[in-house]
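User: Please walk me through this model. Keep it brisk.

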Amino acid sequence: MGNEEKVREIIHRVIDQINLQLAADQRLEKGETIPLFGEEGRLDSLGLVNLIVGVEGGIAEDFGTTVNLADEQLMARQDSPFRTVGSLVEYVTSLL
Amino acid sequence: MNRQMGAADRHRCLLVADFNLGNFAGLLGNDPEEPKVEVIGTPYGQVVPVLAPEGGGWREAPDCCLVWTRPEGVCESFGRLLAEEQVELEAVLGEVDEFAELLLDVAGRVKGLFAAAWWTPFLHRGYGMLDLRPGEGVGDVLLRMNLRLADRLGEADNAYLLDTRKWVETAGPAAFQPKLWYMGKIPFGQQVFAEAVRDLKAGLNGLDGRGRKLIVVDLDDTLWGGIVGEVGWEQLKLGGHDHVGEAFADFQRALKGLNRRGILLAIASKNEERVALEGIAQHPEMVLSLDDFAGWRIDWEDKAQNIADMVAELNLGLQSVVFIDDNPAERSRVREALPEVFVPEWPADPALYPSALLGLRCFDAPRVSVEDRQRSRMYAAERQRWETKRRVPSLQEWLDSLELKVEVEELGAANLPRAAQLLNRTNQMNLSTRRLSEGELRQWAEGSGRQVWVFHVSDRFGDSGLTGLASLERRGKEAQVVDFVLSCRVMGRQIEETMIHHLGQRAGKAGGERLLVELVPTAKNAPCRDFFFRVFQEEGGESRFVWELERDLPLPSHVELRKR
């Protein structure tokens, strides 16, 4: 399995965990292009914290390396990697 | 406020914390296990104003409340201690007392108050080897704070301190994620919250009287290692200098411990009864003896049917039962045939049996009474009674042979805990199935025209303890029976007739002319309806019964009734 696939798997795992905490109509979907965070996304600020910490933890566990996703500028960017699952997979993979 | 919620309803739980409890709230609200919980969230960091009666969350009528705080969040002096300032222990404990007063006040407004014990995720090693030294270590102070809080919460019958340490231990390294704290003011990882949800729900089940009361165990490779019918009891793996044998002995010790706490034990095993019983009686390392079991079915019949029969004989409901068997096929069969029975997944390795049993969250109860601790002995006596019944030809002759004594007394401080427990746990012979805490029951009994009595039952086989409760509310010439509760342990010996005789006498002496009985039907109290239908038959209805007191409600001839 390539890095991109591994990262996608980690993100999907974290989404499953976050969904345990969300009401049925707020649950996150795993589609690559479905909005995640931002104006059209379902992820609120608490969810974003959980996503960041979950993905960072998953990367540390599976890759034995650390990435830092908790960056205010990163979140605020027009092309923020947290827009969709696909953009997040791409961004995290680029850090490895 | 809705404080008299029935067991089947959804709980409404007010969550109060000095940190972001959003993740926990989500898990609690989504958790599919019973009881369902509707979460009433509150803004974090506003513990005192939120807990005040005028705090916003109270408008939503919670029936329970969880308060989860960090020690430095509610005790300013502990915060200074963490910063390595010199702080007097008494100052810290004084703040704990103030916080406890606040919680005790909240306990008066809900059916159950739960507080999470204090834990310090970022304390690291504290003072190292001095951390638990009195007068020096922060860890020592934290332990004393928790002890003081536990002592103070013990002043209320419905306030419970939950053990955060266990949640943290189970979660392991994932318990604390500093980034969650710094970014979201969330001090714990998801696993800690998941464990907390399970413990809170176990507590709520306990408050609802839904704790399990009977463990049915298999024998071969469950209570001991090996198949007794094949190898003989002499070759069973049990105790001795063998790690597998020791694990089975420890599993039996764990069962014995639960039994001492009031959880009944029974056996369902596919075996030759004579061979299996010989093994129990003869094996020198058996921790459990036959007297520890309220009943057994050892034959080659379907286990599910055997369990159902045995549970009916013990006058329990299937929802009271846990079934433990090493065989996945038997577990599956019982799960399918008896969905109300709780059948935990069971580890393949006997070394894990004791922890699997002790980790079950289905035995929580608001308190453990003297009757609970004696329950096993009572059931052993019950078995002897029924053996006598088999030898005695008629029911009346059997009843006459029991030498039944019923002692009645008014509700008071000494019997209140057991009375409330009986009221909250009894389902079958229960007229109204109303659930009240000790304080609520006492308060109700103090109302005008109301009286509550409790009944102690004994016979020549032993003392069944406080097993009956009845209450009257008088309105002019009418006396309404509000509660009529009898433990299933003593049903069928005409204690019911004795209790209604007493109520009739008391209502008549107080000038009453008729006794009114209004049954609140539930899925489980058909025995209560049947009793009133039988006794009040001429005046009977489906759920409303009337008895004109000019007619006698006779005391059964085989019962000696006296005041305690």
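**Backbone, packing and contacts**

Analyst: B:Glu84 sits in the loop between helix 4 (76–82) and helix 5 (89–107) of chain B. Helices (H or I, at least four residues) and strands (E, at least two) are DSSP runs, numbered from the N terminus. This is a predicted model; local features need pLDDT of at least 70, side-chain atom pairs count only at pLDDT 80 or more, and totals for chains, interfaces and linings use all residues. Residues are numbered from 1 along each chain as its sequence is written, and chains are lettered from A and ligands numbered from 1 in the order in which they are written.

User: Is B:Glu84 buried or exposed?

Analyst: B:Glu84 is not a glycine, yet has a positive phi of about 70°. A residue is buried if 20 or more other C-beta atoms lie within 10 Å of its own, exposed if 12 or fewer, and partly exposed in between, with C-beta atoms placed from the backbone. B:Glu84 has 9 other C-beta atoms within 10 Å, so it is exposed.

User: Is B:Gln494 buried or exposed?

Analyst: B:Gln494 lies in the loop between strand 14 (478–486) and helix 20 (495–509) of chain B. Its phi is positive too, near 65°, in a residue other than glycine. With 20 other C-beta atoms within 10 Å, B:Gln494 is buried.

User: What is the omega of the peptide bond from B:Glu34 to B:Pro35?

Analyst: B:Pro35 is in the loop between helix 1 and strand 2 (37–40) of chain B. The bond from B:Glu34 to B:Pro35 is cis, with omega near -5°.

User: How are helix 1 and helix 4 of chain A oriented to each other?

Analyst: Helix 1 (residues 3–19) and helix 4 (residues 85–95) of chain A have axes 9 Å apart and an angle of about 125°. Axes are lines fitted to C-alpha atoms, for helices over the stretch in contact, and angles run from 0 to 180 degrees between N-to-C directions. Angles under 35 degrees count as roughly parallel, over 145 as roughly antiparallel, 65 to 115 as roughly perpendicular and the rest as oblique. Helix 1 and helix 4 of chain A are therefore oblique.

User: Which element of chain B gives the most residues to the side that touches chain A?

Analyst: The contact takes 11 residues from chain B and 11 residues from chain A; two residues are in contact if their C-beta atoms, placed from the backbone, lie within 7 Å. On the chain B side, helix 1 (22–30) and helix 8 (178–184) each give two or more residues. The top contributor, with 5 residues, is helix 1 of chain B.
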